[in-house]
Amino acid sequence: MSLPGPLLNLRLSVDYSNRPGVLRHAALQIERSEIIGLMGESGSGKSTLALAILKLLRYRGGSATGEIHFKGRDLMRLSEREMRQVRGREIALVLQSPMSALNPALKIGTQLSEAWRAHGGPPRNGCVSRLLDLLKSVSLPAEESFLRRYPQELSVGQAQRLLITMAILHGPALLVADEPTSALDVITQSEILQLFARLNRELNMAILFISHDLLSTASLCRRIAILHRGEIIEFGKTEQVFRNPVHAYTRRLIEALPKNPFL
Ligand SMILES: Nc1ncnc2c1ncn2[C@@H]1O[C@H](COP(=O)(O)OP(=O)(O)OP(=O)(O)O)[C@@H](O)[C@H]1O
Ligand SMILES: [Mg+2]
């Protein structure tokens with residue numbers, strides 16, 4: 001059943017124990033199947049917002065108040081047990097440093113099948129053929145010999161593709177990608193951006209693409225939000241934001257670019 005309204009509609013404030021007000025009534029809506037960009041400078045609160053959506057802040061000593069309406073339910077009201085059903089299955093997360101997110105002691109295939117089982121995928125049979133299909137869809141070698149490799153035998157770009165594979169294993173409705181390209185060289189960055197665009201199209205998966213790079217966010221996303229010192233100060237269609245920024249900070253960001261792609 002498809003419910004009316006956005007896929008995700010949030011309004012959040014976040015405090016860390018020694019640092020209050022890191023997010024202040026930050027509001028964001030994500031429509032079904034859209035790629036939306038969240039851009040902000042270092043320290044503006046981007047990762048805080050990503051972790052808050054998945055209710056993972058307490059591992060960093062943070063606490064959130066507000067609402068996170070996702071598919072008609074307020075995630076803020078769910079228990080930890082209920083959230084475990086949401087993480088990975090309905091909302092998945094991809095982080096910045098692919099190598100540190102993989103276990104160097106385990107073969108790729110083992111890590112993929114653990115991710116498969118952790119969220120209740122059906123047992124073994126079916127798993128390998130589904131994994132090979134997914135590897136193909138992210139342009140990794142779709143071969144069983146690839147599954148026997150260790151993470152250190154991969155390039156950083158391949159490792160990021162692998163983490164994206166893990167994130168999309170269960171066909172989440174929303175993928176939160178927190179600076180997924182900042183550890184990559186420019187060519188690999190642009191390949192990963194194309195991969196996000198394709199996965200969004202082919203899987204109808206909404207993506208919250210978080211970046212401190214305004215131009216790559218603009219090239220990928222139809223709508224963008226600008227986070228500045230814990231507040232969403234600008235939110236709209238990318239072209240509109242570039243042509244008519246509302247906030248002085250956004251104007252400064254755009255003026256600092258070598259070229260405005262919409263003028
Ligand atoms: N565990 C923590 N305890 C206290 N303060 C924290 C904690 N984690 C983050 N902060 C502070 O909260 C603010 C937002 O941090 P956050 O990591 O969300 O920023 P960011 O926008 O993701 O930055 P970057 O682009 O560098 O990843 C920063 O000022 C940071 O110092
Ligand atoms: Mg961050």
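Two strands are said to pair if DSSP finds at least two bridges between them, and helices (H or I, at least four residues) and strands (E, at least two) are DSSP runs numbered from the N terminus. The structure is a predicted model, in which local features need pLDDT of at least 70 and side-chain atom pairs count only at pLDDT 80 or more, whereas totals for chains, interfaces and linings use all residues. Residues are numbered from 1 along each chain as its sequence is written, and chains are lettered from A and ligands numbered from 1 in the order in which they are written.

The protein chain holds 11 helices and 10 strands. Strand E3 (residues 35–39) and strand E9 (residues 223–228) run parallel and are joined by 4 bridges, with Ile36 standing opposite Arg223 in E9. Both strands belong to an open sheet of 6 strands with mixed pairing, in the order E6-E7-E8-E3-E9-E10. Its edges are formed by strand E6 (91–94) and strand E10 (231–237), each of which pairs on one side only.

The C-alpha trace of the protein chain spans about 55 × 45 × 40 Å along its principal axes. Buried residues, defined as those with 20 or more other C-beta atoms, placed from the backbone, within 10 Å of their own, account for 35% of the 263 residues.

Around ligand 1 there are 15 residues, a residue being near a molecule if its C-beta atom, placed from the backbone, lies within 6 Å of it. The closest are Tyr16, Ser42, Lys46, Ser47 and Thr48. Strand E2 (19–30) and helix H1 (46–53) are the elements that give two or more residues to this shell, and the largest share, 3 residues, comes from H1.

Note on methods: Buried ≥ 20, exposed ≤ 12 C-beta atoms within 10 Å, placed from the backbone.
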